[in-house]
Amino acid sequence: MRIGIFPGTFDPVTEGHLDIVARAHKVLDRLVVAVARSYQKDTLFTVEERQDLIRQAVAEKDRSLDVQVVAFDGLLVDLAKEHGASAIVRGMRFVTDFEYEFQLALMNRRLDPELETLFFIPSEKYSYLNSSVIKEVVRLGGDVSQLVPRPALDAMKKKFAL
Ligand code: COA
């Protein structure tokens with residue numbers, strides 16, 4: 001069984017992330033979505049909320065996908081080993097993502113030479129997305145209903161008391 005691990009902060013999950021989940025699932029049998037508790041970013045949602053929003057979004061998209069959602073705060077390579085993953089899944093949106101992703105991939109390879117990093121290119125309609133931009137537009141009353149799953153949109157509106 002080919003298992004991949006897809007790490008990120010997911011604050012919150014967007015259609016861009018779900019696009020990567022669907023693409024990765026074409027070549028992997030199971031995907032473990034690893035939600036970083038995040039010590040580097042101040043998150044709008046707790047790690048439990050972020051996991052829950054991913055679970056709801058995946059269930060709404062395609063219940064047949066073998067997707068497991070977990071929280072983590074240690075090294076990604078250790079979590080990958082724990083779950084029997086042979087690959088890290090990351091999205092590559094623009095050329096500007098490359099430098100950071102290159103650094104992460106090489107460091108992860110140094111920590112575990114057996115673990116490969118697979119990059120997927122999201123659909124161009126999601127290539128400009130990130131969670132911060134989505135949160136800002138929602139907070140200011142803009143329409144992002146095509147860009148985030150419904151549960152995430154509702155949860156953001158609730159947080160911003162809209
Ligand atoms: N669609 C939409 N948005 C996307 C996206 C996609 N396909 N891919 C990334 N993004 C966005 C994210 O929403 C996020 O937006 P934000 O900055 O506004 O919150 C941004 O791009 C990048 O975030 P993400 O891909 O989630 O990475 P991250 O920097 O938040 O997380 C970890 C990095 C958690 C994967 C990394 O730090 C890690 O592995 N940490 C564990 C500790 C460890 O092992 N360290 C050593 C590794 S070298």
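Arg90 and Glu101 join their side chains in a salt bridge, 2.9 Å from N to O. The pair links distant parts of the chain, with Arg90 in strand S4 and Glu101 in helix H4 (residues 96–111), 11 residues apart. Arg90 and Glu101 are buried. This is a predicted model: local features need pLDDT of at least 70, side-chain atom pairs count only at pLDDT 80 or more, and totals for chains, interfaces and linings use all residues. Residues are numbered from 1 along each chain as its sequence is written, and side-chain values use heavy atoms, leaving out hydrogens and water.

A salt bridge here is a side-chain nitrogen of Lys or Arg within 4 Å of a carboxyl oxygen of Asp or Glu. The structure holds 9, including these:

| Pair | N to O distance |
|---|---|
| Lys135 and Asp11 | 2.7 Å |
| Glu15 and Lys61 | 3.0 Å |

Buried means under 20% relative accessible area, exposed over 50% and partly exposed in between (1.4 Å probe, protein chains only). Lys135 and Asp11 are both buried. Glu15 is buried at 10%, whereas Lys61 is exposed at 52%.

Helices (H or I, at least four residues) and strands (E, at least two) are DSSP runs, numbered from the N terminus. Strand S1 (residues 3–8) has 6 of its 6 residues buried. Ile3, Ile5 and Pro7 lie on one side, and Gly4, Phe6 and Gly8 on the other.

Strands pair if DSSP finds at least two bridges between them. S1 runs parallel to S2 (residues 30–36), joined by 6 bridges. Ile3 faces Arg30 in S2. S1 also pairs in the parallel sense with S4 (residues 87–91), over 2 bridges. There, Gly4 stands opposite Ala87.
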